[in-house]
Amino acid sequence: MKQLRKGLVPMALWLLLPACTFAQGLVDGFMRGQDKASFALTYSQEAFDTYYAGTTEIRNPNLGTITTQSVNLYATYGLAYDIDVIVAAPYIRTESSAGYWQKQEGLQDLSAALRWEAYDWKFDGVTVSWLFSIGYSLPLQKYVIDAPVAIGHGSRNIDGRTLLHIKAGAFFLTGQYGYIRRGAVDLDRVVNYYVPDQVNPNIGTKVNVPDVTDLIIRSGFSTRHFYVDGWVQKQTPYSQGTDIGPAIPYPTNAIGFTRAGANLYIPLVKTFGLTAGYSTTLSGRNVGKATRLSGGFVVGL
């Protein structure tokens, strides 16, 4: 049960959050362990009828309520006692209840990361770990990106993070900070404007998806009989972008938010257990004010 508590429970947490705009990072502070693998399959649904244009809350009768459903597959494997490889891929369906926007669905992005536990200090019953990770993601297919009803940004991204993980008995506290470098994307239309602080200017059909920084704090309890946590995530645009407006490409909008949520895991038999999660948007910029519910199962080998 020790390995179930340390590996299976935390690795499902990423899947309990939206795979598209709610991604709460691909990594956490719990290492899987050498030659040990875990798999999670979850379903989630989020919805919103209010969104932030810039930082102003707006309701649009031409959109109604936008609902997003996703099925997420997540796997992790311990290459060594201090190195894990993590892979995830979601299938997403999103649609609006009003207007002429077509439903979008399909495989979104393949994400992979290497997680390294660089240091591990133990003293007086407390364990402090310092970890680093590097990740990469790319679209699994060509999907619609320049619309309010879309399943993703369509960009190729590099995600670098550092984490500090503290554990004392059943209690744990994890803080992580990351930078996500997003690549340029091609639109189906010509755009003629220039954003001076971008690495590459927006020219013709090629535009930039603004980079972001990501701060996540999570705390909770991990025991043999259950796992529960609460978390807060703040994502902030690093590079200048646009705000939602007429004729503005959706991929160029600077996205930021503060979100909070909770997760629960209950082991049933040996290496099999059930997960559930909830999250909501507290504030944002160019995102939906969404609430999300998730559930699924986790298996370890």
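**Entry 1: confidence and ground rules**

I started with confidence: the chain averages a pLDDT of 88, and 88% of the residues score at least 70. The pLDDT is the predictor's confidence in each residue, from 0 to 100. Over residues 1-23 the pLDDT is below 50, yet this stretch has 96 contacts in the model beyond near neighbours in sequence. A contact here means heavy atoms within 4.5 Å. I keep in mind that where pLDDT is low, the predicted coordinates should not be read in detail.

This is a predicted model, so I note that local features need pLDDT of at least 70 and side-chain atom pairs count only at pLDDT 80 or more, while totals for chains, interfaces and linings use all residues. Residues are numbered from 1 along each chain as its sequence is written, and side-chain values use heavy atoms, with hydrogens and water left out.

**Entry 2: the overall fold**

I counted elements next and found one helix and 17 strands in the chain. Both are DSSP runs numbered from the N terminus: helices are H or I with at least four residues, strands are E with at least two. Buried residues make up 50% of the 301 residues. For that label, buried means under 20% relative accessible area, exposed over 50%, and partly exposed in between, with a 1.4 Å probe and protein chains only.

How far along the sequence do the contacts reach? Among those between residues at least 6 apart, 65% join residues at least 24 apart. I also looked up V299 in strand 17 (residues 291-300). V299 and A37 are 262 residues apart in sequence, but their C-alpha atoms are 8.7 Å apart in space. V299 counts as partly exposed, at 26% relative accessibility.

**Entry 3: nonpolar cores**

Which residues touch the most other members of the largest nonpolar core? They are L26, V27, Y74, I86 and Y227, out of 15 residues. A nonpolar core is a set of buried Ala, Val, Leu, Ile, Met, Phe, Trp, Tyr and Cys residues joined through side-chain atoms within 4.5 Å. I followed I86 and, leaving aside residues up to four places away in sequence, found that it touches L26, V27, Y74, A75, T76, S111, A112, A113 and R115. There is a second, separate core of nine residues, including I92, I145, V191 and V207. As background, nonpolar side chains tend to be buried together in soluble globular proteins.

**Entry 4: aromatic rings**

I searched the whole structure and got 11 aromatic pairs. Rings of Phe, Tyr and Trp (its six-membered ring) pair if their centres lie within 6.5 Å; planes under 30 degrees apart count as stacked, over 60 as edge-to-face and the rest as tilted.

F30 is buried at 7% relative accessible area, and F172 is buried at 0%.

F171 and F221 also form an edge-to-face pair, with 5.7 Å centre to centre and 65° between the planes. This one links strand 10, which holds F171, to strand 13 (residues 212-222), which holds F221, across 50 residues. F171 is partly exposed at 33%, and F221 is partly exposed at 42%.

I also noted one aromatic cluster formed by W116, Y119, W121, W130 and F132.

T281 lies in strand 16 (residues 272-285) and is buried at 4%.

**Entry 5: backbone check**

Which residue between strand 7 (109-123) and strand 8 (126-139) did I look up? In that loop I found D124, whose phi is near 50°, a positive value in a residue other than glycine. D124 is exposed at 79%.
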